Amino acid sequence: MPPTRRQFLSLAGGVTAAGAIPIVTLHPLQATPATLNSAIRNVVGEAQIRNGRVKLDIPPLVENGNTVPMTVSVASAMTADDHVKSIHVFNEKNPQPNIANFYLGPSSGRPQVSTRIRLADTQKVVAIARLSDDTFWQIAADVVVTLAACTEEMN
Amino acid sequence: MPALINVPAKAKRGGVIEIRTLTSHIMETGFRHTVDGKLVPRDIITSFTCRYNGDEIFRADLFPAIAANPYLSFFTVAKESGKFEFEWIGDNGYSSTASASIIVE
């Protein structure tokens, strides 16, 4: 059972009355710009991320966040010396910041990947590509979601 | 039929072909609750691999943010006739495979 408003208020009031810092912290069921950042840093490390070269095709307005088509492509010749090693997609406000990691190589021919994703809220989606020279390139897209996914109740 | 695979039957040597895969899976996020407040445990596919005549040409790590019945489309260079093998691995020991053949001229 989730706490009722009354229980929450009495707890909050009790804590305030005692003048103490609340011991019960409500864990936010949401990735935040900070967790998005740390998820990105887990992948790229300390490397600099430049804007450009990556293209993210995603509808700017979606009615149903349960299935959102998305295509990521990268400007690259896809030769042995110059190709895309991986593509990483992140979100800002789902319960978890990761969406997917894709690993490619020179035999991919065309650096383009499509899938369908879930979005729990109106938010930013970030795609980052790692090239064979270990440079990172990114793009962000804003998506407005009218029906959220991920956390709704099950019937 | 657990998976739908779309690979061209024939291709020119050196041509770039698109591979599309769709597999049936609930992709339960692990963040949903039932009406009586119980957390529904996570059950997702976490990894997808495509091999072309034994060589890995594409791999993906999937997270709960991938929609149910994961769809993936990617490209490869048609090098030689042979077989594509697809493998999905997930929570609770889930594993599923599929294959498709191609003739390269």
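**View 1. Chain A meets chain B in this predicted model.** Here 33 residues of chain A are in contact with 28 residues of chain B (contact: C-beta atoms, placed from the backbone, within 7 Å). On the chain A side, strands E6 (98-103) and E7 (112-117) each give two or more residues; strands (E, at least two residues) are DSSP runs numbered from the N terminus. That side divides into 13 nonpolar, 15 polar and five charged residues (nonpolar: Ala, Val, Leu, Ile, Met, Phe, Trp, Tyr, Cys and Pro; charged: Asp, Glu, Lys and Arg; polar: the others, Gly among them).

**View 2. E6(A) pairs with E5(B).** E6(A) and strand E5 (residues 55-62) of chain B are antiparallel over four bridges, where pairing takes at least two DSSP bridges. Look for Ala100(A), whose bridge partner in E5(B) is Leu62(B).

**View 3. An open sheet of six strands.** Follow the order E2(A)-E4(A)-E7(A)-E6(B)-E3(B)-E1(B), paired antiparallel. The edges are E2 (54-57) of chain A and E1 (3-6) of chain B.

**View 4. Ile87(A) in the largest nonpolar core.** Of its 54 residues, Ile87(A) and Ile66(B) touch the most other members (core: buried Ala, Val, Leu, Ile, Met, Phe, Trp, Tyr and Cys joined through C-beta atoms within 7 Å; buried: 20 or more other C-beta atoms within 10 Å). Strand E8 (residues 123-131) of chain A gives the largest share, five residues. Among the residues that Ile87(A) touches are Val72(A), Phe102(A) and Ala127(A), not counting residues up to four places away in sequence.

**Notes.** Residues are numbered from 1 along each chain, as its sequence is written, while chains are lettered from A and ligands numbered from 1 in the order written. In this predicted model, local features need pLDDT of at least 70 and side-chain atom pairs count only at pLDDT 80 or more, while totals for chains, interfaces and linings use all residues.

How values were computed:
A residue is buried if 20 or more other C-beta atoms lie within 10 Å of its own, exposed if 12 or fewer, and partly exposed in between; C-beta atoms are placed from the backbone. Two residues are in contact if their C-beta atoms, placed from the backbone, lie within 7 Å.
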